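I opened my notebook to look through a structure one step at a time. My plan is to write down what I looked up and what I found.

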Amino acid sequence: MTTSRPISASSHTPPRDEPLHLESEFEDQPVPQSHRRSTLSISAVWFGFPMVLTCAIFGGTIVYGLGFWKGVLAIVVGNAVLFGYVGALSYLAGKTGKNFALSAAETFGQHGSKIVTGFLATVVIGWFAFQTGLTGATLNLSLGWNETLIVLIAGLLYIGVTFIGIRALTVIGMIAAPLFIVLGVTAVFLVTRDDGWGAIASYEGTGTGATVLSIGAAVTVVVASFIDSGTMTADFTRWSKGGKEAVIAAFSAFPVANLIAMLTGAVIVAAGGALNPATDGGDFLPILVDHGAILTVLAVIFVFVNLGSVCSHCLYNGAVGWSQLVGSRMRILTLVLGALGLAIALAGVWSHFPTWLNLLGIFVPSIGAVVIVDQLLTRRASSRRAATLRAEPFAAWIIGAACAYATHHWAPQLSEAVAGMVCAAVAYLLIDMASGRRSTAENADSTVSEVVA
């Protein structure tokens, strides 16, 4: 546990029909089986998360830099990596019912987990700020609306959705994903009805002004786009009835939902429908607003619902994580962190996005890799004596991040995110084997000493 706040058993067994604002979010203990949700419900939470306009933008920028088929290959590989990573962490969450902070305590120690949880719970607030700022920028670009006012309205709405809790995330996911499919297909139809699909398949990209010029770098963009909330997947998938159901929910996001979103943006750019593919990638909103009042109204609704989905998910991650650190409730932290993220969005700091992705690709993947090896491969966490801080996982995290940093600077054609995962996993395995042999030797020496005595 990472909080000393006393919690009575009755406070975590609320009736199903209690008001939404009073329903427990189980911030500091595993979700009991009586409160676990259906696979469809948890899948809706994850499915509606990555199927967002932002991922269409990423898909478009990747194809702009690499060409259509190379871009598609990078998108598929990146999603496969995400599924393996998020799926493994989700399996652990579904089995235990623990959120990320509780799970991290088993690997990093009670106090050590505060460092990891605090880092990730802060990073996702940056995502909340980015997506909130993007809401205003998108509607300003497409319709000329006042950007600051839209950011303020959007931020308040997204905070309100998150305040309700996991139920609201399910509902908004069920709305956001179908709306994306309908409008995404419409945009694809509009840009391909004249030239057909031939031009798309032969699109080679221009590379001029592109930030993605290698398949490895593109894979990192795909992975980094959801590596933070993907690492904290336990906050969502702990509500699953079991490990298998949690993996199914993760699969609905990666590759299914994320692939749909990114390929939509890829097609928009390859078909020549993007206004500025170097920076805005596969943003298809301008296409919709250019085709009548009905599509314009739907496009506005789409922006708020779609980006609101990812914003509320990120804010939920941050609020659950920080509730563990400060011994408060998720809903209180939603208001505090939401206000902070909204202030960042209004200040325009969200626009420093390339730096943000680099940070995620270098430092975050190693964290989940260490947890997976510790709790799923070596399986020592469940039998280990509780510790306040464990040096071994931090050493592996540092090694993984160093490998990712080295890859970023000296081998940019490779994926720094994947390099960080692999190096951290191997490092932790070796450290764990060495510490296991040392522990066995110490126990043997202790036994001999007792016999001699």
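**Entry 1: Rings**

I started with Trp 397, which is buried because its relative accessible area is 12%, under the 20% cut-off. I noted that the model is a predicted one.

Next I looked up Phe 119. This residue is partly exposed, with a relative accessible area of 23%.

I then counted the aromatic pairs in the model and got 17. Phe 119 and Trp 397 make one of them: their ring centres are 6.1 Å apart.

I checked where the two rings sit. Phe 119 is in helix α5, and Trp 397 is in helix α19, residues 391-410. The pair therefore ties together parts that lie 278 residues apart in sequence.

I turned to Phe 284 and Phe 302, which also form a tilted aromatic pair. I noted 5.7 Å from centre to centre and 35 degrees between the planes. Phe 284 is in the loop between α13 and α14, while Phe 302 is in helix α15. They are 18 residues apart. Are these two buried or exposed? Both are buried.

I also found a cluster linked by ring pairs. Its members are Trp 46, Phe 49, Phe 226, Phe 236, Phe 254 and Tyr 316.

Arg 37 lies over the face of Trp 239, 5.4 Å from the ring centre.

**Entry 2: The core**

I looked up the largest nonpolar core and found 127 residues in it. Which residues have the most contacts inside this core? They are Phe 68, Phe 284 and Phe 302. Helix α15, residues 293-326, gives the largest share, with 15 residues.

I listed contacts of Phe 284 beyond its neighbours within four places in sequence. Among them are Leu 53, Phe 180, Ile 268 and Phe 302.

**Entry 3: Helix α5 again**

I went back to helix α5, which spans residues 112-143 and also holds Ile 115. Ile 115 has 46% relative accessibility, so I wrote it down as partly exposed. From Ile 115 to Ala 104 I read 9.9 Å, C-alpha to C-alpha. The two are eleven residues apart in sequence.

**Entry 4: The whole chain**

I found 20 helices and zero strands. Of its 453 residues, 57% count as buried. The accessible surface is about 17700 Å², and 68% of this belongs to carbon and sulfur atoms.

Terms used
Residues numbered from 1 in each chain as written. Predicted model: local features only at pLDDT ≥ 70, side-chain atom pairs only at ≥ 80, totals over all residues. Heavy atoms only, no water. Helix = DSSP H or I, 4+ residues; strand = E, 2+ residues; numbered from the N terminus. Buried < 20%, exposed > 50% of the residue type's maximum accessible area, 1.4 Å probe, protein only. Areas by Shrake-Rupley, 256 points an atom, 1.4 Å probe, with all protein chains shown as cover. Core = buried A, V, L, I, M, F, W, Y, C linked by side-chain atoms within 4.5 Å. Contact = heavy atoms within 4.5 Å. Phe/Tyr/Trp six-rings, centres within 6.5 Å; stacked < 30°, edge-to-face > 60°. Lys NZ or Arg CZ within 6 Å of the ring centre and 35° of its normal.
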